[in-house]
Amino acid sequence: MKAFVVLDEGYINQALVSLSSFFRYNRIELIIYAEKGTDLERVLAVVPEELVEVRYVSFPQHELFASVGGNRLMVHRSAVPAISQRIKSLEEVSAETDCVLNFDLDTLFLGSAVPLLEEITAEHKSGIFGVSERENRDKWMKQMKLKEIVNTPLYFNTGLMCYKADCKGLYEKFIKTIEEKGNFMYCPEQDFVNLHFKKKHQLSGEFNAIWFNPGYKEMAPLMVHYLSMEKPWNKFIYLDFRAYAYWQKYLSACERVESYLDREFLERVRSNVRRVK
């Protein structure tokens, strides 16, 4: 198994926290894909040199990126090249290993996920592995009155995924899918993954604990995923008192790498923790 992440230039602070927490508990080769010219000095200072490889690339650009998802795109349009790079990177890394781990950088690791993932994936010859958010997806689609094109029992959140699958020509297939269905691909990379890969194996919620999911308080998460706009570093957050423990854990992780973080980022997290408390 190998892991990879895609690091957008504006996500250095989040990468510092996520990757330092990942390597606090896990030992695995990890590839960082970043755009040419990105300064990764601070990130590389908090990860084990012998396990991390950096691959500088030019994130893909395509005229379709300007229209995919229409006016209901659920990611910032400026992030579409970075999430599209995840598809290109998956195609590349899958040719180098039998199983690929990928995760988002708006995350915090709280336990050793890799040994468990290696055990789980070893039980299956092929497929993709993730945590389903079908219930959330159905709720959002209904509330926003959107057309659903991913009509599968499981809909994986790609905040943490394992891939044990044939990924040859994957990026080309991604672009073709956008050409055919792009108006209804509101989470382009995630929708494509769920559409394209037919064999799905569900992981327990602890591997990708979306903090507002039902039952999150009873979990012992291996990874917390701060998806949506309610992130510890955002200026405006939803004041959910139940989430305080996860905000506090994020602040503690920030303080472990405090000398490498931008002060403004750290102070936003501290301020938000105080507000939630």
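Biologist: Which elements each supply at least two residues of the lining of the largest cavity?
Modeller: In this predicted model, α3 and α7 each supply at least two residues of that lining, where helices (DSSP runs of H or I, at least four residues) and strands (runs of E, at least two) are numbered from the N terminus. The largest share, three residues, comes from α3, and the whole lining consists of F4, R86, I87, L90, N102, Y163, E189 and V193. Local features need pLDDT of at least 70, side-chain atom pairs count only at pLDDT 80 or more, and totals for chains, interfaces and linings use all residues of this predicted model. Residues are numbered from 1 along each chain as its sequence is written, and side-chain values use heavy atoms, with hydrogens and water left out.

Biologist: What makes a space a cavity or a pocket?
Modeller: On a 1 Å grid over the protein atoms alone, a cavity is a set of points where a 1.4 Å probe fits but cannot get out, whereas a pocket is an open set with protein on both sides within 12 Å along at least five of seven lines, and lining residues have an atom within 4 Å of a point. The structure holds one cavity of 30 Å³ or more, and the largest cavity has a volume of about 30 Å³, a volume being the space filled by probe spheres set on points joined across faces, edges and corners. The largest pocket holds about 1200 Å³ of space. Of the 37 residues that line this pocket, M74, V75, H76, D106 and K231 are the closest to its centre.

Biologist: Which elements each supply at least two residues to the lining of the largest pocket?
Modeller: They are β1 (2–7), α3 (80–94), β4 (100–103), α5, β7 and α7.

Biologist: Why does K145 count as exposed?
Modeller: K145 has 76% relative accessibility and therefore counts as exposed. K145 is placed in the loop between α5 (134–144) and β7 (156–164), and its phi is near 55 degrees, a positive value in a residue other than glycine.

Biologist: How many disulfides does a search of the whole structure find?
Modeller: The search finds zero, a disulfide being a pair of cysteine sulfur atoms within 2.5 Å. The sulfur of C167 is 10 Å from the closest cysteine sulfur, in C99, which is too far for a bond. The sulfur of C187 is likewise too far for a bond, at 20 Å from the closest cysteine sulfur, in C167. C167 is buried, with a relative accessible area of 2%, and C187 counts as buried at 13% relative accessibility.

Biologist: Why does R270 count as buried?
Modeller: R270, found in helix α9 (residues 263–276), has 19% relative accessibility and so counts as buried. Leaving aside its neighbours within four places in sequence, R270 is in contact with L251, E255 and E258, contact meaning heavy atoms within 4.5 Å.

Conventions
Buried means under 20% relative accessible area, exposed over 50%, partly exposed in between (1.4 Å probe, protein chains only).
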